[in-house]
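Open the model in your viewer and keep the sequence beside it. We will go from stop to stop, selecting as we go.

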Amino acid sequence: MNGNDVNIIITYYGQTDHLVNQLKFFNNLSGELKRHINLTFVNDGYYDSNLFEDILISFSEELSIDGYKVTNDVGFNSHG
């Protein structure tokens with residue numbers, strides 16, 4: 001990481017289609033851009049039998065990815 005890098009943090013709560021689409025979007029960027037983008041995905045307590053981790057691993061060769069999993073679903077993003 002250097003002074004020209006961009007860090008992008010995205011939350012995840014079971015929307016596997018959106019996660020894959022986001023990863024495909026970043027993966028399709030030019031090599032020059034990809035070298036300066038660091039992605040962090042946070043699973044906000046959703047249990048999906050490690051699908052979140054498996055998807056991130058499948059893109060980890062092409063992208064700079066970190067993944068974090070919140071182990072207690074406290075309903076942070078719930079409305080009402």
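This is a predicted model: local features need pLDDT of at least 70, side-chain atom pairs count only at pLDDT 80 or more; totals for chains, interfaces and linings use all residues.

**Stop 1: two helices crossing.** Select helix α1 (residues 16–27) and helix α3 (residues 51–59). Helices here are DSSP runs of H or I with at least four residues, strands are runs of E with at least two, and both are numbered from the N terminus. α1 passes α3 in a right-handed crossing.

Residues are numbered from 1 along each chain as its sequence is written, and side-chain values use heavy atoms, with hydrogens and water left out.

Now look along the axes. They lie 11 Å apart, at an angle of about 15 degrees. Axes are lines fitted to C-alpha atoms over the stretch in contact, and angles between N-to-C directions run from 0 to 180 degrees. α1 and α3 are therefore roughly parallel (angles under 35 degrees; over 145 is roughly antiparallel, 65 to 115 roughly perpendicular, the rest oblique).

**Stop 2: where they meet.** Select T16, L19, V20, L23, K24 and N27 in α1. Contact means heavy atoms within 4.5 Å. What kinds of residue make up this contact? Eight are nonpolar, two polar and one charged. Nonpolar covers Ala, Val, Leu, Ile, Met, Phe, Trp, Tyr, Cys and Pro; charged covers Asp, Glu, Lys and Arg; the others, Gly among them, are polar.

**Stop 3: zoom in on T16.** T16 is in helix α1. Beyond its neighbours within four places in sequence, T16 touches L51 and I55. Its relative accessible area is 22%, so T16 is partly exposed (buried is under 20%, exposed over 50%, partly exposed in between, with a 1.4 Å probe and protein chains only). Next, select D48. T16 and D48 are 32 residues apart in sequence, but 9.3 Å apart in space, C-alpha to C-alpha.

**Stop 4: salt bridges.** How many does the whole structure hold? The search finds two. Each needs a side-chain nitrogen of Lys or Arg within 4 Å of a carboxyl oxygen of Asp or Glu.

- Select R35 and E32: their side chains meet at 2.5 Å, N to O. R35 is exposed at 55%, and E32 is partly exposed at 47%.
- Select E53 and K69: their side chains meet at 3.7 Å, N to O. This pair links distant parts of the chain, helix α3 and strand β3 (residues 64–69), 16 residues apart.

Notes:
A crossing is left-handed if the near helix is turned anticlockwise from the far one by less than a right angle, and right-handed if clockwise.
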